[in-house]
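Look at the structure first, then read on.

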Amino acid sequence: MPINIPKTLPARALLEKENIFIMDDERAVTQDIRPLNILILNLMPDKQTTEGHILRLLGNTPLQLNITFLKTATYQPKHTSKSHMENFYQTFDEVKDKKFDGLIITGAPIEHLQFEEVSYWEEMVTIMNWAEKNITSTLHICWGAQAALYHHFGIDKFPLKEKCSGIFRHRIYNSTNIELLRGFDDEFIAPHSRYTNVSEEAIHEHPELMLLASSQEAGPFLMISKDGRHIMATGHLEYETDTLKQEYERDLDRGLTVRIPAHYFPDNNPDEQPLNRWRSHAHLLFSNWLNYYVYQATPFEWH
């Protein structure tokens, strides 16, 4: 949340230089406060687990949020009960006449398919186009990030020789006046779990995009459109401590040939309990997005 200080306070210039969020009385008195309306398009197979991952991070801010879960009408999930979906999820037709302050589009384990081959791709395109006029800012995660890069910016994904799974170090590329990175260390750790990647060069060359963080091993991680309306994270900062372990054991049970998640288990031993070394940056990413790109940018009343 912002610090409200006088315009003439000498420390103001120092704080602004350090990218600290400050506000003066003139701006503070014009702010109206209301609950934020957040829409979550949950495309992950285990809906309830993903709900917990995301809500845990959204709930760790002083902002009051109204959450609506969105499902695709063109695909019925196989790993979540029909009653759960009917009780807690809405279709696009049920929300399309409303305005939302923020939208989260999750990942989905369908990277092996071309975007147009995905059964609900046309519905995805409809939702992403609708969001341009009805959402203040959208946070895209993993496959959702690749879908946004492809649809909005024409950057396609490409297959990897083997699954990118593990905990990887990332360096900050652009931090000056980028509110999304406030509080981030110059180097931070984040989980990845996918079979595809995107070109770092294509992101650098795109006039509407900024690459904020990347990993030498895992590639581009965090990108933002220059208008702040699209934030894309190719990894999974929302993952819990044992999520990669569960995915690894699931892949083995399916008979897949997969490597042990990189830099994840102590001594690279799957029998050891992994440590969570990304939790603080997960909270930073979600709180910064909510505060600077949703709360500070959304209108008090939509027209």
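## Thr298 and its neighbours

The side chains of Thr298 and Asp101 are joined by a polar contact of 2.6 Å. A polar contact is a pair of N or O atoms within 3.5 Å; within protein, one must be able to donate a hydrogen and the other to accept it, and residues adjacent in sequence count only if both atoms are side-chain atoms.

This is a predicted model: local features need pLDDT of at least 70, side-chain atom pairs count only at pLDDT 80 or more, and totals for chains, interfaces and linings use all residues. Residues are numbered from 1 along each chain as its sequence is written, and side-chain values use heavy atoms, with hydrogens and water left out.

Thr298 lies in the segment after α10 (279-295). Thr298 has 13% relative accessibility, so Thr298 counts as buried (under 20% relative accessible area, 1.4 Å probe, protein chains only). Leaving aside residues up to four places away in sequence, Thr298 touches Arg34, Leu36, Asp101 and Thr136 (heavy atoms within 4.5 Å).

## Helix α3 against α10

Helix α3 (residues 47-58) packs with α10 at an angle of about 65°, and their axes are 8 Å apart. That makes α3 roughly perpendicular to α10 (65 to 115 degrees). Ile54, Arg56, Leu57 and Leu58 of α3 meet Ala282, His283, Phe286, Trp289 and Leu290 of α10.

## Helix α6 against α7

Helix α6 (residues 121-134) and helix α7 (residues 143-153) pack at about 75°, with axes 11 Å apart. α6 and α7 are therefore roughly perpendicular to each other. Among the contact residues are Trp121 and Met124 of α6 and Trp143 and Ala147 of α7.

Note on methods. Helix = DSSP H or I, 4+ residues; strand = E, 2+ residues; numbered from the N terminus. Buried < 20%, exposed > 50% of the residue type's maximum accessible area, 1.4 Å probe, protein only. Axes fitted to C-alpha atoms, helices over the stretch in contact; angles between N-to-C directions. Parallel < 35°, antiparallel > 145°, perpendicular 65-115°, else oblique.
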